[in-house]
Amino acid sequence: MTDTSPLAGQVALVTGASSGIGEATAESLADAGASIALAARREAELQAVADRIRAAGSDALVVPTDVTDESAVDAMVETTVETFGRLDVQVNNAGVGVGGDVEATTTDQYRLMMDTNVDGVFFATRAAIPHLRETGGNLVFVGSFAGQYPRPGNPIYAATKWWVRGFAHSLEG
């Protein structure tokens, strides 16, 4: 990367980076010049993403993390800062959508969505804020249309995404 890259010298941490939107986001941030910390539960998939980012000329760190584990999330952020010396962008992307209507959703499915989509976002945000304040960095929240428009077919998932939207907007002030 050249020093003229828009994110040259900056560090981005992406949760849910092993596939989908998180993977594409991490690769885009790396293309823009950022060093990338990749977090998700699936280490092998994270390693494959990191290998592609490194092959393209950017730094990548694999930090296997389950965002439902508060101490693991704290360690994820600290490992990123210890490795790269700073944190400029955190992308809260990790999320799950399981179940369906209320009657068909099991308690385990409910807890998984709440633990991941709500608690995981809170834990990651809380851990990152002190470091982002130091660098004047940014929090990015990946939501869903379900966070703005009701989803009768999966109201619990929608409720978690409404929470993410409300949390993000409440922090922007």
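Trainee: Which residue in E2 stands opposite Thr15?
Mentor: That's Ala39. Before we go on, this is a predicted model, so local features need pLDDT of at least 70 and side-chain atom pairs count only at pLDDT 80 or more, while totals for chains, interfaces and linings use all residues. Residues are numbered from 1 along each chain as its sequence is written, and side-chain values use heavy atoms, with hydrogens and water left out.

Trainee: What makes E1 and E2 a pair?
Mentor: Strands (DSSP runs of E, at least two residues, numbered from the N terminus, as are helices, runs of H or I with at least four) pair if DSSP finds at least two bridges between them. E1 and E2 have five, in the parallel sense, so they qualify by that definition. E1 also pairs with E4 (residues 89–92), in the parallel sense over three bridges, and there Val14 stands opposite Val91.

Trainee: Why is E1 called mostly covered?
Mentor: Count the buried residues (buried is under 20% relative accessible area, exposed over 50%, partly exposed in between, with a 1.4 Å probe and protein chains only). In E1, residues 11–15, five of five are buried. Val11, Leu13 and Thr15 are on one side, Ala12 and Val14 on the other.

Trainee: What about E3, is it enclosed or open?
Mentor: Four of its five residues are buried, so E3 is largely enclosed by the rest of the structure. E3 pairs with E2 in the parallel sense over five bridges, with Ala39 opposite Val63. The chain gets from E2 to E3 through H2, a right-handed β-α-β crossover.

Trainee: What does right-handed ask for?
Mentor: Point the strands away from you: the path from the first strand over the helix to the second must run clockwise. E1, H1 and E2 make a right-handed β-α-β unit as well.

Trainee: How do you know whether the span of H2 agrees with its number of residues?
Mentor: Take 1.5 Å times one less than the number of residues. For the 13 residues of H2 (43–55) that should give 18 Å, and the end C-alpha atoms are 18 Å apart, so the two agree.

Trainee: Which residues of H2 are buried, and why are they said to be on the same side?
Mentor: Leu46, Val49, Ala50 and Ile53. They cover an arc (taken from the directions from the helix axis to the C-beta atoms) of only 100°, which puts them on the same side of H2. Ala44 and Ala55 are exposed on the face turned away from that buried side.

Trainee: What covers those buried residues of H2?
Mentor: H1 (20–31), E2 (35–40) and E3 (60–64) are among the elements that do. Take Ile53: leaving aside neighbours within four places in sequence, its contacts (heavy atoms within 4.5 Å) include Ala26, Ala30, Ile36 and Leu38.

Trainee: What makes a group of residues a nonpolar core?
Mentor: They are buried Ala, Val, Leu, Ile, Met, Phe, Trp, Tyr and Cys residues joined through side-chain atoms within 4.5 Å. The largest one here has 21 residues, and Leu29, Ile36, Leu38 and Ile53 have the most contacts inside it. H2 gives the most to this core, four residues.
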